[in-house]
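Me: I should like to go through the terms applied to this structure and the values behind them. Please set each value against its definition.

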Amino acid sequence: MSNDKLLTTYPSPLTSSMQSQLSKTFQSYFATTPLVAFAPGRINLIGEHTDYQEGFVFPAAVSQGIWVGIQKNGLTVCRLYSMDFAQEFSFELDFISPKNGHWATYVMGMCALMKQSGYEVAGFDMVIGGNIPVGSGLSSSAALSVAIGTAISGLFDFEIPKKNIVLYAQKSEHLYAGVKCGIMDPYASAFGAEGKALLLDCRNNTHVEIPVDLGDFSLLLVNSKVKHSLADSAYNKRREACEESVRHLQAEFPEMLTLRDLTISDLEKVEKILPTTLFPKAKHVITECARVHEAAAALQSGDLKSFGKLLNASHQSLSQDFEVSCPELDFLAEKAQSLGYVLGSRMMGGGFGGCTINLVRKTEYHDFQSILSDAYSRQFAKSPDFIPVAIGDGARLV
């Protein structure tokens, strides 16, 4: 879960255009040629709000992402420029003081954590740009942190393992952005593989690649245009509810560490133990972990109809049990589910706004967009955005 609202972006330029534009901007500001790193945003096929209970998630990297140009400057100062904000910023490496809510905080956070780990980060110049649509739930802040880590590691030949960059990115969000995010977003950005989703175990931070062949169907995001902030109390309250549930349950289930250790067969006993305010939240995590495994099996066997039904069930659980949806997301998901050429639809991401993810027959894209746009505009007096996504590779130097 990430602070997408912090990163305004260009309206989906081609990758080569974005890279070229960033390099030209870098040369105009710093008169040198940059090393360029890219880290993608991510979608999550299914498995929402399970990662911070060490559960299972099913993300994939996408083609949209964040580009970072970087070069040594021989100083003790890091000089930054954001193309998206048209804004400069600089800081001393010996006096890192992150600013709450500022885009440069992600750079300072990654530098601070690398220095704490013994990496001798020296002064550099950096330009940042991207094409992740604002508020889309594609995890722009995770992509930014992973791109920064990849760029710094490459520039100074640190050869930092991908998993370490992922952990730095997560810890940076915790310490400097104030978001108690799970591991999924930076992990998917770092380890993504073209045409494959990652069945990720958030306890041991390992994954299995699952091929995604959608045949005549494709994934299409619908952006509700409702802006959400995961740094507010709602996200953290859901997380705290899960942690409180674990404390209630450990007397009956002494071996459990998190809700991920329980199965659907335990639900009846869980319901008797937990207060009515907590049970639905625990139920969501337990059933959602099961849906992740069912979804991976469905894709492996090419059973797209079953996969779509699992998407629908996930939305129902997120909306009714975990209570992280909103009227706009419910409207978009239910409208999509009513269409015969849509196999499944659910809200994606932290909730309270952002996107739905939809499995739509390719030949019906135009009809799908027309129907949802007209209905949504009439209901909420705003037009949704439609974002096609293709599953791409993870972070890399380019």
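Reply: Helices (H or I, at least four residues) and strands (E, at least two) are DSSP runs, numbered from the N terminus. On that basis the secondary structure of the protein comes to 11 helices and 13 strands. The model is predicted: local features need pLDDT of at least 70, side-chain atom pairs count only at pLDDT 80 or more, and totals for chains, interfaces and linings use all residues. Residues are numbered from 1 along each chain as its sequence is written, and side-chain values use heavy atoms, with hydrogens and water left out.

Me: What makes alanine 86 exposed?

Reply: Exposed means over 50% relative accessible area, buried under 20%, and partly exposed in between (1.4 Å probe, protein chains only). Alanine 86 has 57%, and is therefore exposed. This residue lies in the loop between β4 (77-82) and β5 (87-92), and its phi is near 50°, a positive value in a residue other than glycine.

Me: Why is phenylalanine 352 called partly exposed?

Reply: Its relative accessible area is 26%, so phenylalanine 352 belongs to the partly exposed class. Phenylalanine 352 lies in the loop between β10 (342-348) and β11 (355-361), with a positive phi near 60°.

Me: How do you know that the length of helix α8 agrees with its number of residues?

Reply: The expected span of a helix is 1.5 Å times one less than its number of residues. For the 22 residues of α8 (residues 279-300) that span is 32 Å; the end C-alpha atoms are 32 Å apart, so the two agree. Of these 22 residues, 16 are buried, and α8 is mostly covered. Glycine 302, with a positive phi near 75°, follows α8.

Me: What makes β2 and β7 a pair?

Reply: Two strands pair if DSSP finds at least two bridges between them. β2 and β7 (residues 196-201) have 2 bridges, in the antiparallel sense. Leucine 200 in β7 is the bridge partner of valine 57. The open antiparallel sheet has 3 strands in the order β2-β7-β8. Its edge strands are β2 (56-57) and β8 (206-211), each pairing on one side only.
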